[in-house]
Amino acid sequence: MTSRTLGIYGTGGCGRSVMPVARTQFPDDRLVFVDDAPNAKQCNGAEVLSFDDFAKIDGGLITIAISQPAIRKILAYKCTAAGLGFYDILANDLIVMDDASWKSGAIISPRSTIGSNVTIGRHFHCNLHSYVEHDCVIGDFVTFAPGVCCNGSVTIGDGAYIGAAASIRQGIWIGQGAVVGMGAVVVKDVPAGAIVAGNPARSLTS
Ligand SMILES: CC(C)(COP(=O)(O)OP(=O)(O)OC[C@H]1O[C@@H](n2cnc3c(N)ncnc32)[C@H](O)[C@@H]1OP(=O)(O)O)[C@@H](O)C(=O)NCCC(=O)NCCS
C-alpha cells in the first residue's frame, strides 16, 4: 500500500495525546502535526507542518485534534474549503457494538466503548475511558472529555461539551452547545447553550 500523509491538526494536549494512537493505527503512513503557526519543526518526534504547507499535499487527510467544539467546527470548514478530506483516529482497543455508526473526523481514544445502535455525527471526540451506551444519538462536533459515562438513549445536540467523569442518566436530552462540567451527574434535560455542573447537575448560568 502507498504511504499516505495524515495530518493531526493541533499540537496542544489533545493532538499530542492522539498522535500515539494514530501511530499505532497507521504504522505505514506519514503522520504529521498541522499547526497554523508552527514554532518548531518537530513535536514529540513528529514533523510539524503549517496548515498552508499541508494543504498543498495531494490527497492529504486531516483530523482536527482541538477539543473545543466551536473551534473544531470553524477549522473543519477551513479544511473543507482547502480541499482536504477527513479520516478517523480510532484506538485499537475500541469496542464497537452492533449497528453503531459515526461520521468522518472522529477521534476515539483508548478504553472507550460505543454501544449498540448508537448514531454519532461528524468530528466526534471521545476521550479516554468514555462510553456511549445503546441507542444514543449524538450530534456533530460533540466532545467527551475523559471518563464520560453516557448511558442509554441519551440525545446530545451539536457542539455540546461533556466534561471529565460526567455521568448522564439514561434518556436525557442535552441541547446544542451545552457544557456539562466535570464530575456532573446529569439527571434532567439540559437546555441548549446551558452550562451545568454538580450532583445533581444544576445550571451555573441562571
Ligand atoms: C463547568 C465549567 C465549564 C465551568 O467553568 P467556568 O464557567 O469557567 O466556571 P468557574 O470556574 O468560574 O466556576 C464557577 C462556579 O462553578 C463552580 N464549578 C466549576 N466547575 C464545577 C464543576 N465541574 N462541578 C461543580 N462546581 C463547579 C466553581 O467552584 C464556581 O463556584 P463559586 O462561584 O461558588 O466559586 C468547568 O469548571 C468544567 O468543569 N469544565 C470541564 C473541564 C474538563 O472536563 N476538562 C477535561 C480536559 S481533558
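The following legends describe close-up views of a predicted model. Residues are numbered from 1 along each chain as its sequence is written, and side-chain values use heavy atoms, with hydrogens and water left out. In this predicted model, local features need pLDDT of at least 70 and side-chain atom pairs count only at pLDDT 80 or more, whereas totals for chains, interfaces and linings use all residues.

**View 1. The protein is divided into domain 1 (5–87) and domain 2 (88–190).** These bounds come from an automatic or database domain assignment. The C-alpha centres of the two domains lie 22 Å apart. Domain 1 contributes 20 residues to the contact and domain 2 contributes 19 residues, where contact means heavy atoms within 4.5 Å.

**View 2. About 1,500 Å² is buried between domain 1 and domain 2.** Buried area is the accessible area (1.4 Å probe) that two parts lose on being put together, summed over both. Carbon and sulfur atoms account for 66% of the area buried here. Val21, Pro69 and Arg72 supply 33% of the area that domain 1 buries against domain 2, more than any other three residues.

**View 3. Six residue pairs, both at pLDDT 80 or more, are in polar contact between domain 1 and domain 2.** A polar contact is a pair of N or O atoms within 3.5 Å; within protein, one must be able to donate a hydrogen and the other to accept it, and residues adjacent in sequence count only if both atoms are side-chain atoms. Zero salt bridges are found across this interface, a salt bridge being a side-chain nitrogen of Lys or Arg within 4 Å of a carboxyl oxygen of Asp or Glu. On the side of domain 1 that touches domain 2, two or more residues each come from helix 1 (13–25), strand 5 (61–64) and helix 3 (69–81); helix 1 gives the most, with six residues. Helices (H or I, at least four residues) and strands (E, at least two) are DSSP runs, numbered from the N terminus.

**View 4. Six strands form an open sheet in the order 3-4-2-1-5-6, with mixed pairing.** Strand 3 (42–43) and strand 6 (85–86) stand at the edges with a single partner strand each, so one side of each is left without a neighbour in the sheet. Two strands pair if DSSP finds at least two bridges between them. Strand 3 and strand 4 (residues 46–50) run antiparallel and are joined by two bridges; Gln42 has Glu47 of strand 4 as its bridge partner.

**View 5. An open sheet of six strands has the order 8-11-14-17-20-23, with parallel pairing.** Its edge strands, strand 8 (95–96) and strand 23 (185–186), each pair on one side only. Two bridges link strand 20 (residues 167–168) to strand 23 in parallel, and the bridge partner of Ile168 in strand 23 is Val186.
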